[in-house]
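Have the sequence and the 3D view open as you read.

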Amino acid sequence: MRLHEYEALDIFEQNRIPVPRRAVATSMHEALQVAGEIGYPVVLKAQVLVGGRGLAGGIKVASTADELKDLAEALLSSEIKGLPVRKILVCEKVEIAQEFYLGFTIDSYSGKPVIVVSTEGGVLIEETARSAPEKIAAIHIEPTFGYYPYLSRSLLRRLGLNQQLITPWSDVIGQLYNVALRYEALIAEINPLVVLPNGGLMAVDAVLEVDDSALSRVRLPLPDRIDRIENPIERRGREIGVSYVDLDGDIGLISSGAGLGMASMDIIGQRMKPANFLETGGGITADLLYKCMELVMMKPDLRAIFINVYGGINPIHEGAKGVVRYIHEHKVKIPIVAKALGNRQEETWEIFRSGGVHVVTEAATEKAIDRLYELVGA
Ligand code: GDP
Ligand code: MN
C-alpha cells in the first residue's frame, strides 16, 4: 500500500527526519488559510499516488494569496496522470542549495534491504542510473547484522561528499532505515533530499510503500485501510473478505479461486465484457455467497451473472443455498449461469436449479460461457 505524500511526511517527521511546515487542504479556502499561517511563498502539491508530479503539472508555487486562489482552484479541479486531485499539500517553500536522492528498497534479487543515495536529486533515479551511474552508491544490508552509521558514512565518502554534510546525511539515512523497518516498507524514498542555505538537510518529498502482507501487524497512524478504498463496491468486498476488482463490463462473476476467476474473466471477455473479478477464497458459506450476490448486484445495468465454483475445501452446496436465498428475496430477473463441480456437486446443482439458476454440468468453462452467451444474446 502506497501512502500519500502528506501521510509519509507525517511519519518521517515523527521519526525525526526534518520536513517542511505544511498542512493538507481539500478546498481553495482551506489552502488560503494554511498558506496564511505558513507565510508566502508556498508550494502547492497535488496529493495523487504517482511520481513525477512536478513534470505533470502537479507542483505549483504561489507567491501571493491571489496567485494561490487561482492555482489551488485549478489544481483541485484537475487530474494528474489520470488521477483526480482531491487534496493538496500546502508547504512552506524552502530555499534549495542542492538536491540529493535517498531511497530504501528491498533488492528483489537477494531479498535484502538496500539503501541507495545519489548526489543527483529531484530527477528519476532510473535516469541517473543510466546517464551518471558514478553518482549513485548503494549499501546492501545484511539483516542479521543490521544497519550501523559507519556504513552510510563510508558510502557518502565514496560519493565524494563534503565533510560537513556527512553527519546530517548519515543521520537521515539511519532515520529512514528505522521508518522502513518499523513500517515494513518495500519503498521509502526522499527525492529530493535538499540542502538548505544554512547547510541543514530537509526531506521535500516523501514516498512510503508498506508491504501489503505486513498490513495486519504494522500500526500505521492512518485511517483504517478499508476507508482508503475509493470504489464503494471494492470497499464492501474488502469488508466481507473477498477479492473484488471492479471492471467496466456488464457480466457479473463469482468464482472460488483466483485462477478459476481469471480464466472465466478471459473467456467472458472473448464475446462479452466482465463487470468485475470476484474471488471468494476458501471460506465459502451460505452467508458469504449471499453477500457476494449482494456485492455483484451493486453494479447497475448488469445483464447476467456467472458463478464458477469448485468444491474442494469449499462446501459449494452451502454456497448455492446463499445464492438461491438472495434470488428469492430480491426477485432477481437477470439470468444466472452456474458451473459447480467437486464435492457434493449433484446436491449443489439441485439447489441452484430450485432458484432458477442455469446449471452447466460440463467441466469446461467454455461450455458454461456458451450457455451464458445464448441467454444474454449478443
Ligand atoms: P515529484 O515531481 O512528484 O517527485 O514531486 P516533488 O515533491 O519531488 O517536487 C518536484 C520538484 O519541485 C522538486 O524536485 C523540487 O525541485 C521542487 N520543489 C518542491 N518543493 C520545493 C520547495 O519547497 N522549494 C523549492 N525551491 N523547490 C521545491
Ligand atoms: Mn520527488
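Here is a look at a metal site, a helix and a sheet.

This is a predicted model, where local features need pLDDT of at least 70, side-chain atom pairs count only at pLDDT 80 or more, and totals for chains, interfaces and linings use all residues. Residues are numbered from 1 along each chain as its sequence is written, chains are lettered from A and ligands numbered from 1 in the order in which they are written, and side-chain values use heavy atoms, with hydrogens and water left out.

Start with the manganese ion (ligand 2), which Asn191 (O) and Asp205 (OD) coordinate at 2.2 Å. Donors here are N, O and S atoms within 2.8 Å of the metal (3.2 Å for Na, K and Ca); water is not among the atoms, so sites may look incomplete. Asn191 sits in strand 10 and Asp205 in the loop between strands 11 and 12, so the pair ties together parts 14 residues apart in sequence. Strands are DSSP runs of E with at least two residues, and helices are runs of H or I with at least four.

Both residues are buried (under 20% relative accessible area, with a 1.4 Å probe and protein chains only):

| Residue | Relative accessible area |
|---|---|
| Asn191 | 14% |
| Asp205 | 16% |

Now for helix 6, residues 163-182. Its buried residues include Trp169 and Tyr177. Just after helix 6, Glu184 takes a positive phi of about 50°.

Finally, an open sheet of 4 strands runs in the order 1-6-2-3, with antiparallel pairing; strands pair if DSSP finds at least two bridges between them. Strands 1 and 3 stand at the edges with a single partner each, so one side of each has no neighbour in the sheet.

Technical notes: Buried < 20%, exposed > 50% of the residue type's maximum accessible area, 1.4 Å probe, protein only. Expected span 1.5 Å × (residues − 1).
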